[in-house]
Amino acid sequence: MNPSADTIAVAAILFVVIAAYALFGGADFGGGIWDLLAGGAERGAAPRELIDESITPVWEANHVWLVFVLVLLWTAFPPAFAAIMTALFVPLSLSLLGIVLRGVGFAFRHTAERLPMQRLTGAVFASASLITPFFMGTVVGAVATGQVPVHPAGNILAAWTSTTAILTGFLFVAACAYISAVFLVPEAQQRGQQDLTRYFSLRATAAGVVTGALAGGTFAELSVSAPYVYHRLTGIALPLVAISIAAGIGVLGLLWLRWHHPVVLRATAAIAVATVVFGWGLAQYPYLLPAALSLAAGTAPTGTLVSEFVVAGLALLLVAPGFALLYFLQQRHLLTAADSDADLRLAAELQPAVPGRPATAPTPASAAIRVTTAAVLALLAVRAIRNVFAPARRR
Amino acid sequence: MGVFAMGAAVHILAVNPVPARSQMGSSLGFHIILACFGIAFAAVVMTAEWIGIKRGDAAALLLARRWSKVMAVLVAVGAVSGTVLSYEMGLLWPGLMGRFGAVIGFPFSLEGIFFFLEAIFVGVYLYGWQRLPPWAHWWSGLPIVVFGLLGALSVVAANSWMNSPAGYTLSHGKVTSVDPVSVFFNASTPYETAHMVLAAYMVTGFLVAGVYAMGLLRGRRDRYHRLGFAIPFTIAGIAAPLQVMMGDIIARFIATNQPVKFAAMEYVLTTQRDAPEWLGGILINGKVYLGAAIPAFDSILVGFNPHTQVIGLDSVPAAQQPPLPTLIHLSFDVMVGIGMFLFALAAWQAWWWWFHRRVLLTAWFLVPAAVSGVAAVVAMEAGWVVTEVGRQPWIVYKVLLVSQAVTPSSGVPVTLGVMLVLYAILTAISIGVPMIMSRRWRRETPAEEDAEQVPYGPLHARSRARPATAAGPRSSADGTDAP
């Protein structure tokens, strides 16, 4: 039985929200990860400040995306929700623990600045940023590999401790670090902090390579552990995979070229992540829980689906403009730092801890080298993508 | 803390499935306090700002600014505990969500939208200070009030549905069609929503007023503290009599809609006319000890006639009667008693205001006023105990048993323990952070206050937020240290 158009539309909305959480929430978690890795207090002060100031204002609001994912899943696909929540009780509880700990760190760090507790809450906050995406990754890995039965008798440890699930967990952590570093590069650039731009550009490149490697590993592992999903990934979902690879390499190219255009750079990285999410969705089709529960069997009645369309419409009408307004205010404020005379006076006396170095334009010679290398890399990328396509054609 | 006492009490006393119910109970009991601030605090803040702008009153404006910062902290903690709840719906009650997720999903989805909007406009409101013209800024805060109310309506509608399930058809245990509008506006929705919104205004108003009552008691009797007391106390004081009225109406509704719950609330053991109203008392083996009975008064309250028949606990088999009628009855008494006490307190101040146009400054008034907020919280928690324990053993009234809904997973006692510890920390933050902020406000120069950072608020470079006297090592300034 094929799922109805309504069902497919709600599933599409669900995956759009998941992608939004992966991007916005992922950038948050990644910020926490880079905070953790920034080193000692002296050395890590400048990157931490940038992370804090660029991601903070909309920070915990991003959990609302997660709430939407949960609510959409239980409303539109109740049996799948119940099965996942039962079988994967342990990793889900651990990811929840991470969310609460992050909240603790968040609330304390930004209000009680002078407390000695601040270091501790900072550490709690940063390590929670590792826990949450990792365990969410294992959940996705467990679902994709078809380890969640429709009526689990209790929590299933084996479901999320398979090689694929653990690899997916690491992949999620790396992807969060990657997306966050890419988002931070233009942020540093806009503030004229050349050293930080380079700092995050290097980290974005490294995280991109690691993410790519982990994605490759997971992909290979899927061929054994989840033949159905693997077959669809190399079949109908292949264009999405290819776009993701191309966008991922594109980001590395842009970073190499130092073309830190905020919109282009972020959009390319967002495409790389979002296409993976959509690819996962397409690869599972028409299953909610691969081979165990199909969309047609696990979908709520039409009345419920229609109500979810209404909610989605409301979100587009009200939430999107509101969110845009908040982002706009935040961005604008970043460019004009002070807000009162007293504030300005204090600013004059106490400069930020590490002032940005003056911007230095790359010399023409080094630019030529970079463009050439980028062209070579692009050629290699095209070849790599064609190689990925090739086995599919043979089949 | 009342929350944990309640969690512990439910844990010790309740029958199966104990850990899951304890965890849900303590999570809800914690979140509901923050939710009250989400629903009602914006109205308090905006009243202060309105007075400040209208009368050019600096004290009122300062109160509004400071309260808005506290609001941001509470919204941030509330976002976290709200996320916890949406997880727990599935983690603890997969049997409910798997069967009826499609039915109660719609109100929850709406609530998600409204909370998102509320958080966004809290951010906009915080940005707007000093940047928008006064009245434009005031209007930018109005959506917080509206979306707070709509969010309360949505999420209470979901709880109401569990008391008055409607709007769906079942065949072979599977939901086959859903009418979201009937689900949302079920029989209990108007009563529960009105009751909860009024409770939110009372809890928020009395809690905030209580803080300033403490200040007044300590001799800080300037206009700032008197206004800080009067604004929230007035708002809560207006809600109090309405709540007493609403409580009376809702009790009669329960008597017809969920008679067994009502029987447990009022110790109506057998269906009878001339049912007495019990004040206090413990129910042991079908007899009430240590209680005072007003003859036939319960019948009068239900039907305005002493001969009104009131349905008793014996109308359903023992297996379908709620456990712990003593807990339900005493919680009900506590709620009603505190409600009356708060009403009396508000009436006293209203009387004084009518004739003297002043805030009462006698300790006889200020001491009870200082504890009025805590009392309001206790009353609200007791009310939730009544409605939730009173619905047992059903999770969806007369449709689904709690035991059919609970997770078969084995880890719940562990998560319960961890959650209780985390909630202790979150409580410390929700109370501790505003306290630290208030202590700092008294010490800091205005410039330093300008530069404070709050969640969702505008950004200031950290180093500027610290006073010029910072003699301590710089290492404590930013984030974490490598070990």
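## A residue of chain A beside chain B

Leaving aside residues up to four places away in sequence, S93(A) touches L91(B), G411(B) and T415(B); two residues are in contact if their C-beta atoms, placed from the backbone, lie within 7 Å. The model is predicted: local features need pLDDT of at least 70 and side-chain atom pairs count only at pLDDT 80 or more, while totals for chains, interfaces and linings use all residues. Residues are numbered from 1 along each chain as its sequence is written, and chains are lettered from A and ligands numbered from 1 in the order in which they are written.

S93(A) belongs to helix α5 (residues 89-109) of chain A. Helices (H or I, at least four residues) and strands (E, at least two) are DSSP runs, numbered from the N terminus. S93(A) is buried, with 23 other C-beta atoms within 10 Å; the term buried requires 20 or more such atoms. A distance of 10.0 Å separates the C-alpha atoms of S93(A) and M136(A), which lie 43 residues apart along the chain.

## Chain B as a whole

Chain B contains 16 helices and eight strands. Of its 483 residues, 55% are buried. Among contacts between residues at least 6 apart in sequence, 74% join residues at least 24 apart.

## Helices α2 and α5 of chain B

Two packed helices are described by the angle between their axes and the distance between the axes. Helix α2 (residues 18-55) of chain B packs against helix α5 (residues 134-163) of chain B at an angle of about 160°, with the axes 8 Å apart. Axes are lines fitted to C-alpha atoms, for helices over the stretch in contact, and angles run from 0 to 180 degrees between N-to-C directions. α2(B) is therefore roughly antiparallel to α5(B), a term for angles over 145 degrees.

The residues making this contact include G38(B), A42(B) and W50(B) of α2(B), together with W138(B), G141(B) and G148(B) of α5(B).

## Helices α3 and α4 of chain B

Helix α3 (residues 58-92) of chain B and helix α4 (residues 94-128) of chain B cross at roughly 165°, and their axes come within 11 Å. These helices, α3(B) and α4(B), are therefore roughly antiparallel to each other. Among the residues that meet are M71(B), V75(B) and G82(B) in α3(B) and F115(B), A119(B) and V122(B) in α4(B).

## Helix α11 of chain B

Helix α11 (residues 325-356) of chain B has 32 residues. Just after α11(B), R357(B) takes a positive phi of about 55°.

Terms used:
Angles under 35 degrees count as roughly parallel, over 145 as roughly antiparallel, 65 to 115 as roughly perpendicular and the rest as oblique. A residue is buried if 20 or more other C-beta atoms lie within 10 Å of its own, exposed if 12 or fewer, and partly exposed in between; C-beta atoms are placed from the backbone. The expected span of a helix is 1.5 Å times one less than its number of residues.
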